[in-house]
Amino acid sequence: MTAQNLEPGSPVHPGDPVTVDRYTPAARINHWITAASLVLLAISGLALFHPKLYFLTALFGGGSNVRMLHPWIGVVLFFGFLGLFLRFWKANLWKREDGTWMARLRDVLAAHDENLPEVGKYNAGQKIVFWMMSVLIVALIATGLVLWDQYFFDYTSIGQKRIAVLIHALAAIVIICTWIVHVYAAIWVRGTIPAMVKGTVTGGWAWRHHRKWLRELVGGKSGGRGTGAKPAK
Amino acid sequence: MTIMPNPPTQNVTQVMPESDLLRRSASTITPPAARQTEVAKLIDTSKCIGCKACQVACLEWNDMREDVGVNHGVYDNPIDLTPASFTVMRFSEWINPETDNLEWLIRKDGCMHCEDPGCLKACPAPGAIVQYTNGIVDFVHENCIGCGYCIKGCPFNIPRISKVDHKAYKCTLCSDRVAVGQGPACAKACPTHAIVFGTKEEMKAHAEKRIEDLRSRGFANAGLYDPPGVGGTHVMYVLHHADKPEIYAGLPDNPRISPVVEMWKGVTKYAGLTAIAAFAAVGFLHHLVNGPNRVSREEEEKAKDLTEGRSS
């Protein structure tokens, strides 16, 4: 009895181990453009945030280049993330099991995944990262435009610019911390990084961490049903 | 009054070497043990006739040119400070409610050379803004990156960013002239000696006499503008109405570095980096203690069973 209930073109590929498509090439390219801009923004932003980190401006060819480039990279990040948002927002809507998952954060951190509820394409932690990123990027682009003196100096008062620069710094700190959580989780939960590199995960990974999602894919209930998870083609 | 000698005919020693710094932006420095005598420029608004000789002298000495401007219907020309015009005479018409007289208040606007400079505090580029021990706050353009943080730090709205080279400009208090024993170009050019330059003590003493004179002439509230909120300034005004500085084209009553800027450059900077380091450290320790979260062989088998329809 081999894969009798899998239709042709299913994202679940039999084998040993079973592999499951998680991200399309377009989604991966979108992700890595966004990731690269976030890293460049963090480096260039930190360079102007603390004098001890000013040496990082050398990576961009000096402080003036940082001043000129940072806002443009911000524009790339904004549109990059907008693409990710449109792709993934439905799968990140909060579900009942997410509350249970959060309540058992101790089990999450201890890797007792067997004590956790079955979750869809994303768990509560991933959803929180997603929404934090969404809100913070909007705050950063909005305040960033206020600080982009080269083109937008005349649109705001100096008092408004002072508030904008403080919010921009605070939001940047929070987003860097969120990014650390995101990257750490991807490293700690082994088998996650191939999802964004090759586009696939193993069946066991999907079983352990996103069983509800795997069941939906196997059951063929693809496309906007169940948890709303949109399986990769 | 005071130090306005003619240029020397022999070589002179620089009195403001680059090492003689009290503060340097985005840098930790040890100021020299002995501070030079603090200097100051005193602008007596009661003696100013609005001739703009100071503006001309400033442009000339600093080798700056303004484009032909637009008449805004007032005497202010240009209408605001620019990257080229480090000083601008601001004209205000004020009706004194006590006398019902129209008073024409003229204030030469420009950098106040704060003892606690907000621009320098906000500046992220090492050495782009320096404060000499004599009190002069100067922009070092080769280190300036044009970010505009100085504009946010300044309580007087003085620095302007050039659209040409994207660097910040403001009055230097003619640091290059002061370094060789000269007074600022504006003071040199002022025909009524409304602008005078000397040591801060001399200028305060000179101001006292002017204030005494003004009070004897009916300006009971005449006084010196040397705002303590920024630690005093190295450009001071004698005002006939020192109780109402805002009538002089919005001269702030109690200027200080904005608390928002203080928060941004103070607690946010330290707490922010600490938070980032803490998140990274917690992640590192968590991995060290718990090890990786791996998928087991049985889980791969269960996934296989599920896909092959042997379980649900």
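Student: Which are H7(A) and H8(B) to each other, roughly parallel or roughly antiparallel?

Tutor: Start with the convention: angles under 35 degrees count as roughly parallel, over 145 as roughly antiparallel, 65 to 115 as roughly perpendicular and the rest as oblique. H7(A) and H8(B) are roughly parallel to each other, packing at an angle of about 5 degrees with 10 Å between their axes. Those axes are lines fitted to C-alpha atoms, for helices over the stretch in contact, and the angles run from 0 to 180 degrees between N-to-C directions. Keep in mind that this is a predicted model, where local features need pLDDT of at least 70, side-chain atom pairs count only at pLDDT 80 or more, and totals for chains, interfaces and linings use all residues. As for labels, residues are numbered from 1 along each chain as its sequence is written, while chains are lettered from A and ligands numbered from 1 in the order in which they are written.

Student: Where do the helix names come from, and which residues make the contact of H7(A) and H8(B)?

Tutor: Helices (H or I, at least four residues) and strands (E, at least two) are DSSP runs, numbered from the N terminus. Two residues are in contact if their C-beta atoms, placed from the backbone, lie within 7 Å. On the H7(A) side the contact includes Leu166(A), Ile173(A), Cys177(A) and Trp188(A), and H8(B) brings, among others, Thr268(B), Ala275(B), Phe279(B) and His287(B). By class, this contact has 14 nonpolar, four polar and no charged residues. Here Ala, Val, Leu, Ile, Met, Phe, Trp, Tyr, Cys and Pro count as nonpolar, Asp, Glu, Lys and Arg as charged, and the others, Gly among them, as polar.

Student: How many residues of chain A are in contact with chain B?

Tutor: The contact count is 50 residues of chain A with 44 residues of chain B. Five helices of chain A each supply at least two residues of that side: H1 (25-49), H2 (63-88), H7 (158-188), H9 (203-209) and H10 (211-218). H7(A) gives the largest share, with 15 residues.

Student: What does H1(A) pack against?

Tutor: First, its length. The expected span of a helix is 1.5 Å times one less than its number of residues. H1(A), with 25 residues, reaches 35 Å from its first C-alpha to its last, close to the expected 36 Å. Next, burial: a residue is buried if 20 or more other C-beta atoms lie within 10 Å of its own, exposed if 12 or fewer, and partly exposed in between. The buried residues of H1(A) include Ala27(A), Asn30(A), Leu41(A) and Phe49(A). They pack against H2 and H7 of chain A together with helix H8 (267-290) of chain B.

Student: What is the strand order of the sheet in chain A?

Tutor: Two strands pair if DSSP finds at least two bridges between them. Chain A has an open sheet of three strands in the order E1-E2-E3, with antiparallel pairing. E1 (12-13) and E3 (200-202) of chain A each have a single partner strand, so one side of each is left without a neighbour in the sheet. E2 (19-21) of chain A pairs with E3(A) over three bridges, and Val20(A) stands opposite Val201(A).

Student: Which residues lie on the two sides of E5(B)?

Tutor: In a regular strand the side chains alternate between the two faces of the sheet. For E5(B), Ile129(B) and Gln131(B) are on one side, Val130(B) and Tyr132(B) on the other, and all are buried.
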